[in-house]
Amino acid sequence: MELSVFLKNCWYVAAEPQEIGRHLTQRWIVGEPVVLYRTEDGQPKALEDRCPHRRASLSKGTLVGDEVQCGYHGMRFDTQGRCVHIHGQDKIPAAMCARAYPVVQKWRWIWIWMGDPALADEALIPDLSYNDTPGWTVVGGTLHVEANYQLVVDNLLDLTHETFVHSRTIGNAAVADTPMESEVIGQEVHVRRIMQGTPAPPLFKRVRGLQTIDRWQLIRFQPPSSISIDARGYPAGSDDISQGLRWFSINAITPIDERSCRYYWTITRCFDLDDQALSQLIHDQILATFMEDVEVLQAQQKLIETDQRGRPEISVRADLGSVSARRVVQRLIEQEAQPAAGAGHA
Amino acid sequence: MELSVFLKNCWYVAAEPQEIGRHLTQRWIVGEPVVLYRTEDGQPKALEDRCPHRRASLSKGTLVGDEVQCGYHGMRFDTQGRCVHIHGQDKIPAAMCARAYPVVQKWRWIWIWMGDPALADEALIPDLSYNDTPGWTVVGGTLHVEANYQLVVDNLLDLTHETFVHSRTIGNAAVADTPMESEVIGQEVHVRRIMQGTPAPPLFKRVRGLQTIDRWQLIRFQPPSSISIDARGYPAGSDDISQGLRWFSINAITPIDERSCRYYWTITRCFDLDDQALSQLIHDQILATFMEDVEVLQAQQKLIETDQRGRPEISVRADLGSVSARRVVQRLIEQEAQPAAGAGHA
Amino acid sequence: MELSVFLKNCWYVAAEPQEIGRHLTQRWIVGEPVVLYRTEDGQPKALEDRCPHRRASLSKGTLVGDEVQCGYHGMRFDTQGRCVHIHGQDKIPAAMCARAYPVVQKWRWIWIWMGDPALADEALIPDLSYNDTPGWTVVGGTLHVEANYQLVVDNLLDLTHETFVHSRTIGNAAVADTPMESEVIGQEVHVRRIMQGTPAPPLFKRVRGLQTIDRWQLIRFQPPSSISIDARGYPAGSDDISQGLRWFSINAITPIDERSCRYYWTITRCFDLDDQALSQLIHDQILATFMEDVEVLQAQQKLIETDQRGRPEISVRADLGSVSARRVVQRLIEQEAQPAAGAGHA
């Protein structure tokens, strides 16, 4: 597997909304430094975090109105990256531009388009609407992972690992023992695992007192790296979700570079909305669960990097979803490399 | 000197016996990750520490009977590295194999064969029998050294350095001032330095109260990287070792990668066998002595790596042993690269 | 801009005088390890800090009279790098030489010539005479900067940045708003900025109680990397420096390697020579000022190293001095690469 090239003409999560404000914030995304901020009217904006003059870090400068002033020699750039002021001279070279990236706040996250700005279309933002739907409440956070982003995507598209990695929270033998079904729908990959009459995993017991349950995992992958999991568990045979648990595990993975990524995650549920203690419990348990993944993924990354023999990976039936998702992304990357590339992954 | 290629068809020390048990232990050897464990009947075993499925670290999994279960998706591997279980499917791909390495416990250490398993022959394990001989008692340990393993081998084949590096324990002017003799015998290199009527070095005084001594150093190199030193000191002219000191300094150096190694060492002696305080003294003094080497070797490694001019090393008479040893190993590496390579270094 | 090659036939500052004595001190200069020491009669000397025998670090050895004894096998080298002693043998191979570098103590610093020793000429040491002139008193120090040395040179040749980086000490709006003049004189670059009737920056107020001043900055670059700044400020229109402030900011930047350098600096003044509290104030304020630069420069270095698109830098009028200086150095490097290179940059 080649893990080396990133899709650019697509939306990645750049930050959580509360991280970006009337100050300058640096983020590395697909190998590029980005400075993020909000204009006086609250719009999120992003420029390349490299002054075109001498490569100083714009994020170490200051925000002057809606302009970013470089902290080294004071050049100022507007929200489009155009230089609008150079101290000591009136003429501004036409080439004195910082690259501007389209940015949109949607579904509780701030998204950035790292490719050709002319192709940026908000309609292409992955549908993660359950992050922002009335009647649902959200907990979440962001993790830094020292592994290629595709390893995190693989992880979320084959939940077999819950049995082995997460037996303290959401995993038990039923997960690994139950086959999955996988389907490619356009550019999406859908994976489904339905377990009937199975013991509830530890966290389901704690959250809803469930014992023997029917359990559904409906996974939806949207390129380049969003995975939402419709997770349901209710008393076996009851077909009554009101007695059970339903939440979406929503995940968006943003490459920092080829060997690290930021992992944005939420759990959004439609029961006991006002139970703060429950929200805290879910947050803490899911965070602990994902930290178990981080340990596995970081070790995996090191073993991939150091593999000198380069034998092909051996796939099993449970990999069908992740292999399909890699193919979708690979195909989009290849399309993007074409001279006459069309608009994003539409 | 090229420090870049490792001999594979040979035995390296992989661990001390007590380090390996009913748990999974990771070691990096000649650039490869290895997972070591013992079967229920106590046999040491080793597999490549990379799951053939998705390169997860098997050593982060669990031991189930005599099988290693990957901690990520639960594939199980037998002691030969064959996959014997995949959750959720009955058919096991023939290629789903982890590499298995021959492992043998001998001479107080666990040895591993990193090359072609068909060529592994216990008779090729270097003769370090004094590590495990009745009437001798052993102290020892393992050091991590951030230097190429050949630099440690060089160090042990030219003890001239004791005068300059180890004047607090085993070195004094007599060592450097006395010429050595060197001889290649088959694939072994023997170096001998005999000092007559010389002051005892500090540690010899502390251990046996010696003053003026005859001192022998009989060094035996066996490829790829074992060095045993028959060290003797007794009252000058007495020819009576019972009044003196005799021990073997036994050393086996295992490459981790091109710039680091594990250094397994023992001192095995044939006097005052039950004197625990003496054992502790010898252990502590020799450890302190070898840590002096580590400091020198790590600085040397950095200066070799950063040398841009690449002038040849200038050798002196005292280097004859180490130069011979390098030639033996180089010749074996070249033989191994031949298509019809014979069995090991037999 | 290519930042990759160093001028060798020139003088770099290797150390402050009090750092070098009757002990062995290691310094990395233009990518090479150097061991510095003083002979019994106080002369500074420098050898390559790599034993020609096996690349051990000579600086970990000992000084025996005026000879450096390697701490590994005891070879001894005289001040010219010639091996004069090998334990256990009388014959010394002719090639057993450590490289010796010409070293001179001048203008309060120790200078080293990293190129062809035959071309070393003390007359080529940059004129930093105000470091050592009766009637002037000096404070100073050395900084380690994780950035290419040219970025520090650029910094000092365009003081526009004082407005944005150093507003707490020596910068205010007047600096950036006032144009500079630049001139190439032989191999030197001179930059001048004269500000009339401008508010004194904070440090000038603290040091001399100045309010509205005429302020001069006369910058002199001497290759490869010395910059002295004749800084003057006096009551506006008075033309009377005795009521004002005059000091030289003297700077010499020595490459460690392509991504780091040592930055030697002094402030030498001709007023209130005996005021220790004032000396301490100036030292502390200038150190804090330069640490602001270090932060900017280190971020800049990272952004240059990670720039994948390689667009050219966009220069402005204020860059004229630094661009000229880079050209001078580039031309000298190209001359040095000629087979029949003449003597240094004379």
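**Helix packing, domains and chain contacts in a predicted model**

H1(B) passes H6(B) in a right-handed crossing, where a crossing counts as left-handed if the near helix is turned anticlockwise from the far one by less than a right angle, and as right-handed if clockwise. The model is a predicted one, in which local features need pLDDT of at least 70 and side-chain atom pairs count only at pLDDT 80 or more, while totals for chains, interfaces and linings use all residues. Residues are numbered from 1 along each chain as its sequence is written, and chains are lettered from A and ligands numbered from 1 in the order in which they are written.

Helix H1 of chain B covers residues 149-157 and helix H6 of chain B covers residues 320-337; helices (H or I, at least four residues) and strands (E, at least two) are DSSP runs, numbered from the N terminus. Two packed helices are described by the angle between their axes and the distance between the axes. For H1(B) and H6(B), the angle is about 140° and the axes are 8 Å apart; axes are lines fitted to C-alpha atoms, for helices over the stretch in contact, and angles run from 0 to 180 degrees between N-to-C directions. H1(B) and H6(B) are therefore oblique to each other, given that angles under 35 degrees count as roughly parallel, over 145 as roughly antiparallel, 65 to 115 as roughly perpendicular and the rest as oblique.

On the H1(B) side, B:Gln150, B:Val153, B:Asp154 and B:Leu157 meet B:Gly321, B:Ser322, B:Ala325 and B:Arg326 of H6(B); residues are in contact if their C-beta atoms, placed from the backbone, lie within 7 Å. Sorted by class, this contact holds three nonpolar, three polar and two charged residues. Here Ala, Val, Leu, Ile, Met, Phe, Trp, Tyr, Cys and Pro count as nonpolar, Asp, Glu, Lys and Arg as charged, and the others, Gly among them, as polar.

The axes of helix H1 (residues 149-157) and helix H6 (residues 320-337) of chain A come within 8 Å and cross at roughly 140°, which makes H1(A) oblique to H6(A). The crossing of H1(A) with H6(A) is right-handed. Its contact is formed by A:Gln150, A:Val153, A:Asp154 and A:Leu157 from H1(A), together with A:Gly321, A:Ser322, A:Ala325 and A:Arg326 from H6(A). Three nonpolar, three polar and two charged residues make up the contact of H1(A) with H6(A).

H1(A) also packs with H5(A), at an angle of about 130° and with the axes 10 Å apart. That makes H1(A) oblique to H5(A), and the crossing is right-handed.

At the level of domains, chain A is assigned domain 1 (11-123) and domain 2 (126-336), with bounds that come from an automatic or database domain assignment. The C-alpha centres of domain 1 and domain 2 of chain A lie 32 Å apart. Their contact draws 12 residues from domain 1 of chain A and 14 residues from domain 2 of chain A. Strand S1 (11-15) and strand S2 (25-29) of chain A are the elements giving two or more residues to the domain 1 side, and S1(A) gives the most, with four residues. That domain 1 side has nine nonpolar, one polar and two charged residues.

Turning to the chains, a rotation of 120° with 0.1 Å of shift along its axis superposes chain A on chain B (RMSD 0.0 Å). That is the relation of a three-fold axis. In chain A, the C-alpha of A:Glu305 is the nearest to the axis, 13 Å from it. Chain C, for its part, can be laid on chain B with an RMSD of 0.1 Å by a turn of 120° and a shift of 0.0 Å along the axis; in chain C, the nearest C-alpha to the axis belongs to C:Glu305, 12 Å from it. Copies are superposed by least squares on the C-alpha atoms of residues with pLDDT of at least 70 in both.

The contact between chains A and B takes 23 residues from chain A and 21 residues from chain B. Helix H2 (161-165), helix H3 (173-177) and helix H5 (276-305) of chain A each supply at least two residues of the chain A side, and the largest share, five residues, comes from H5(A). The chain A side divides into 11 nonpolar, six polar and six charged residues. Elsewhere, 21 residues of chain C are in contact with 22 residues of chain B, and the chain C side has eight nonpolar, nine polar and four charged residues.

Definitions and conventions:
Contact = placed C-beta atoms within 7 Å.
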